[in-house]
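Hi everyone, thanks for coming along. I'd like to walk you through one model this morning, so please have the viewer open.

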Amino acid sequence: MSELKNLPSVDRLLSEPALQSPIAEHGRSVVTDFARAELAFTREAVKGGAALPATSELLAGIQRRVAAHMRPRLQPVFNLTGTVLHTNLGRAVLPESVVEAIARAARAPCALEYDLETGGRGDRDDLVEGLLRELTGAEAATVVNNNAAAVFLLLNTLAQKKEVVVSRGELVEIGGAFRVPDIMRRAGAKLVEVGTTNRTHLRDFDETLGPKTGLVMKVHTSNYAVHGFTAAVPEAELAQLAHARGVPFVVDLGSGTLVNLEQWGLPHEPTPRDSIDAGADLVTFSGDKLLGGPQAGLLVGRRELIAKIKKNPLKRALRVGKLTLAALEATLALYRDSERLPQRLEALRLLTRPEAEIRAQAERLLPAWQAASANWRLDAAIEPTLSQIGSGSLPVDRLPSVALVARPRGKRAGVLHQLEEALRRLPVPVIGHIADDALRLDLRCLPPDLEIEFAAQLSALSGLGA
Ligand SMILES: *Cc1c(COP(=O)(O)O)cnc(C)c1O
């Protein structure tokens, strides 16, 4: 116990060369706090019978504490889950040109709501309205924080205390807390369901529309598919019926890409232009799903309806900031040259990556993966796998890809979870996916320029092991 007298003082520790760079980087008071914490911890350990640590150990402990505390909580990760637009991992990865636009808007004052022609006050939506009109064929557009906000604002503006007629087959829940019936209620609208889960006909709508109807709404069933004996009413027929009864027809598209994805071998996904052409008065969609841009909710459609929505005081509460608008403008601008889109829009590049290119990457990484897995007594291999698009888009369509796979020898399923955890604890955490007694790292989303860094991390793993 008297050994405790031999512990160095806080001041002594702070004057050690090893702490000068943390002090320069993070400030003296931060390092002082963690020196105190390390000393307090050590005192307790010694009282409990532990040996008195060397000063170098104390310094290393302080450095670890400072580093762990100062590390940003929002950490970059390798998304090798096989889900490209992974909501929990931030959805669309932005192209460099878009990142540049965000940095430009952040670095200096910008004409966010300032008309450079007249010197008067401008409207922030004007920054992207032209592009959105061009790309969707709509008369007008406005932008809010995400698509959930877009749907909420639309309902609150156009259907408060009125009925909104929706097919029973479309009362969707999007992962997390977005449920069409809940949003409806919170927006002050009354949901009226028509038809059945699998079949809804025009006559179901025809019989239901009445004096209390405020809107006819179609919700794209983005995250599931109903197969078999099904029927849904085409948008054009719904639009016609709604207009004959004097109410708007609106579509929540969810993902909403702006181009025909089939030209790159991807599954068909409806576009806002399709809905507008079919007669929809308003269409809402996300900025960070298939569009491949920043988190945002886009509303496009008839001028007078967009004007009403923009006058709702809640628009002010749901609006986006300059960083989002800078990113959105730069993303939308890429769509003007749709031929080069797969090279320039990162989300689309990942979705269209050739299987052969992913396989070549897997083959280059296999030796490092084998070395890492050997220590865990796992069999390492390359196997074909199927990526999914994610974010509720196109749930049934899968993209052929290639994964690094580890399987336990014998019945040791627990070891997979240990490996999964070790991968998560790497300096740049690697997020994989366990299914069917195997851990898979789908390489579709491993950026080629980070391949070396990734391989180096795997060698660090081989130092661990079970
Ligand atoms: C994803 C989705 C939403 C929610 O969009 P966010 O941008 O995540 O707020 C709403 N409706 C549909 C149909 C969706 O697919």
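**A walk through the model**

Let's start with E38, which is buried, with a relative accessible area of 9%. On that scale, buried means under 20% relative accessible area, exposed over 50%, and partly exposed in between, using a 1.4 Å probe and protein chains only. Before going on, please keep in mind that this is a predicted model, where local features need pLDDT of at least 70, side-chain atom pairs count only at pLDDT 80 or more, and totals for chains, interfaces and linings use all residues. Residues are numbered from 1 along each chain as its sequence is written, and side-chain values use heavy atoms, with hydrogens and water left out.

Which side chain does E38 meet in a salt bridge? The partner is R65, at 2.6 Å from N to O. By salt bridge I mean a side-chain nitrogen of Lys or Arg within 4 Å of a carboxyl oxygen of Asp or Glu. This pair links distant parts of the chain, with R65 in helix 4 (residues 55-70) and E38 in helix 3 (residues 28-47), 27 residues apart. Helices here are DSSP runs of H or I with at least four residues, strands are runs of E with at least two, and both are numbered from the N terminus. R65 is partly exposed, at a relative accessible area of 27%. R65 also lies over the face of F41, 5.4 Å from the ring centre; the rule asks for NZ of Lys or CZ of Arg within 6 Å of the ring centre and within 35 degrees of the ring normal.

Staying with helix 3, V30 is found there too. V30 is buried, with a relative accessible area of 19%. V30 and V66 are 36 residues apart in sequence, yet 7.5 Å apart in space, C-alpha to C-alpha.

Back to charges: how many salt bridges does the rule give? The count comes to 26. One of them joins E383 and R407, with the closest N and O atoms 2.9 Å apart. E383 sits in strand 11 (residues 378-390) and R407 in strand 12 (residues 393-408), so to speak distant parts of the chain, 24 residues apart. R407 counts as partly exposed, at 29% relative accessibility. Another bridge is between R121 and E113, at 3.3 Å from N to O. R121 is exposed at 71% relative accessibility, while E113 is partly exposed at 22%. These two belong to a network of salt bridges linking E113, R121, R124 and R319.

Now the aromatics: the structure holds 1 aromatic pair. The ring centres of F78 and F454 are 5.3 Å apart and the planes are at 75°, so the pair is edge-to-face. For the cut-offs, rings of Phe, Tyr and Trp (its six-membered ring) pair if their centres lie within 6.5 Å, and planes under 30 degrees apart count as stacked, over 60 as edge-to-face and the rest as tilted. F78 lies in strand 1 (residues 78-79) and F454 in helix 19 (residues 451-462), so the pair ties together parts 376 residues apart in sequence. Both F78 and F454 are buried.

Last stop, helix 14 (residues 322-334). Buried residues in helix 14 include T324, L328 and L334. Among what covers the buried residues of helix 14 are helix 5 (96-107) and strand 10 (297-301), where contact means heavy atoms within 4.5 Å.
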